Structure formats: C-alpha cells, structure tokens
Amino acid sequence: MIRQRIQQIRRKVPRPSHGVLRRWCGRLCLLSLFFSVGCFDSLPGKPTEADRYKRPDTVMDFPTLYKTNCSGCHGADGTMGPAPPLNDPLFLAICSDADIKQIVMHGRDNTPMPAMDHKTSGPLTEKQIDAIVAGIRAEWGKTPPQLSPPFPTYQLAETPGDAQAGKKVFSQYCATCHGKDGQGDTAGALNDAGFLGTISNQALRRIIITGRSDLGMPNFHAVSDNSLEGKPLTSQQITDLVALLAEWRTTDVGGNE
C-alpha cells in the first residue's frame, strides 16, 4: 500500500523538462564561476573599508584632521585664511612643537581660536592634537626660512614694552602702509577696535615677526626695506610695538578715551 501511494504521488508531481534542467544547470555554473573569480567583492554598491563609519576620535590622519578642524581659518594649504598661515617656514622656525600644541589644546585668549582639547569640550583627543602638530611640521616645516638666525623670540616678554617707544617704532616701520596713527592706508587699519578686540598680544607679536607673506605683509627683517630706520626690527622694538597696539585697544584713533 505504501509503495502504491508513493507511485501515485510521483505521477501527480510534474517532472521538469530537460530544457528547464539545462537552464538551471547553466545558472549554477555561472554562479560558481562568479564567486570563484572574486566578483562578489566588486558588486555594485558594496561598501569598501574606507566607507565604513569611523568614530571622530579614532581619526588620526593629518589631512583629514587638518581639513576638518583647521583649514576653515588657516586655509586649505595653510595659507590665505583669515587666521595667520601655518604654512610659514619662519613661523615654524620660531615656534616649537610644544608651543603649537599648547595653542591647539587651549586656543588663544581674545581671538576666535578655540580650545580644541576634548577635556575642555573641544573636538580632539590629545593624540589627535599630537598628530596635527606632527603633520604641520612634516608638511610645511621642511623648507627652512630664507633668513638666518637669530630670530626675535616668539613668546611675549615678561616685562611689558613701552608704548611711547612703540610710537616711534611705528612711525619708522609701519606708518607708510598702516597710516600715521594706524588708521590704515595702503594696508588695513590697526587702530581699530574690531581688529584689536579679536587678536591677542601674543598673536600680534607673532605677526609682527613673521609678517603675512600670503597677504604681502613683510616680516620683521624685510620691513626694513621700506622703513626710515633701514634695519630689521629688534626683539625690544617688537615688544614696544605690541605695547602700543595694546594701548590702542582702549583709545580712539585720535587718542581720546
């Protein structure tokens, strides 16, 4: 009875034709060949390793870190941004890696430069900050400055400068471009509350030393070419200039409180 029942079931189930069997065999062969040559790895739309999501705190390559965190202010290639250039051999000659790290970690007071350390609510870990510092040095520190040392010191002097002495220095070295009272001439105004309110004394000293080669401002040595003095600025003269600009933060162009 069981055998008869099985035979009845077999007779009711349609058998595939030879043509159908050949088509299925062909498809199986194609699939086998497809996988054997590794085509699976190149399927359209298949994510690559580079497409995988990465936590922001695991990104360590300099180009990505710089583009995301620095280029908006310092420029895509370290120049031509609203902030001073990092792609500057003279700056990298006077500013140590430790100084750069401190700037990145803690920012600059009285400037738009924020603290980047995640311990102070910044976006970067200390290892990422180290990667940025190393990347700046490796990317733009290979070319030595055209000037020979010694250079003026990068850090602000412990003793504040003399603003009155700074006025004399300004008239000799700066007034030709920035105007007699810093109100601006062929170059921008320096005696300006908006400008001085968004830059620190340390940043002023740095710019006086390095200039802004990307914007045509000469450095402390090249400024002598157009000055009445005819000599490079000394470290003390730079200190006195910073004192003058700091005094202008609280005065108008005419000197009125």
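The stops below go from the whole chain to one helix, its surroundings, the pockets, the core and the cysteines.

**Before starting**

This is a predicted model, in which local features need pLDDT of at least 70 and side-chain atom pairs count only at pLDDT 80 or more, while totals for chains, interfaces and linings use all residues. Residues are numbered from 1 along each chain as its sequence is written, and side-chain values use heavy atoms, with hydrogens and water left out.

**Stop 1: the whole chain**

Display the chain as a cartoon. It contains 12 helices and zero strands. Helices (H or I, at least four residues) and strands (E, at least two) are DSSP runs, numbered from the N terminus. Of the 257 residues of the chain, 35% count as buried; buried means under 20% relative accessible area, exposed over 50%, and partly exposed in between, with a 1.4 Å probe and protein chains only. A contact means heavy atoms within 4.5 Å. Among the contacts in the chain with a separation of 6 or more, 65% are between residues 24 or more positions apart.

**Stop 2: helix α11**

Select residues 201-210, which form helix α11. Is this helix mostly covered or mostly uncovered? It is mostly covered, since nine of its 10 residues are buried. Among them are A203, L204, I207 and I208. The buried residues of α11 pack against α5, α10 (193-196) and α12.

Now select Q202 within this helix. Q202 counts as buried because its relative accessibility is 12%. Leaving out residues up to four places away in sequence, Q202 touches R108, Y154, Q155 and L156.

**Stop 3: beyond the end of the helix**

Move on to G211, which follows α11 and has a positive phi, near 65 degrees. Next, select P85, in the loop between α4 and α5. P85 and G211 are 126 residues apart in sequence, yet 9.7 Å apart in space, C-alpha to C-alpha. P85 counts as buried because its relative accessibility is 1%. Apart from its neighbours within four places in sequence, P85 is in contact with G78, T79, F91, R206, R212 and D214.

Then select G216, in the loop between α11 and α12. Is G216 buried or exposed? G216 counts as exposed because its relative accessibility is 60%.

**Stop 4: the pockets**

Rolling a probe the size of a water molecule over the atoms shows where empty space is left. On a 1 Å grid over the protein atoms alone, a pocket is an open set of points where a 1.4 Å probe fits, with protein on both sides within 12 Å along at least five of seven lines; lining residues have an atom within 4 Å of a point. Grid points are joined across faces, edges and corners, and a volume is the space filled by probe spheres set on the points.

Select P84, I199, A203, I207 and R212: of the 48 residues that line the largest pocket, these lie nearest its centre. This pocket holds about 1,200 Å³ of space. Which element gives the most to its lining? The answer is α11, with five residues. The lining divides into 35 nonpolar, 10 polar and three charged residues. Here Ala, Val, Leu, Ile, Met, Phe, Trp, Tyr, Cys and Pro count as nonpolar, Asp, Glu, Lys and Arg as charged, and the others, Gly among them, as polar.

The second largest pocket holds about 260 Å³ of space. Select D88, L90, Q146, S213 and N219, the closest to its centre of the 14 residues that line it.

**Stop 5: the nonpolar core**

Select I100, I136, F170 and L233, which have the most contacts inside the largest nonpolar core, a set of 47 residues. A nonpolar core is a set of buried Ala, Val, Leu, Ile, Met, Phe, Trp, Tyr and Cys residues joined through side-chain atoms within 4.5 Å. Focus on L233: beyond residues up to four places away in sequence, its contacts include V169, Y173, I208 and F220.

**Stop 6: the cysteines**

A search of the whole structure finds zero disulfides, a disulfide being a pair of cysteine sulfur atoms within 2.5 Å. Select C73: the nearest cysteine sulfur, that of C70, is 8.8 Å away. C73 is partly exposed, with a relative accessible area of 42%, whereas C95 counts as buried at 1% relative accessibility.
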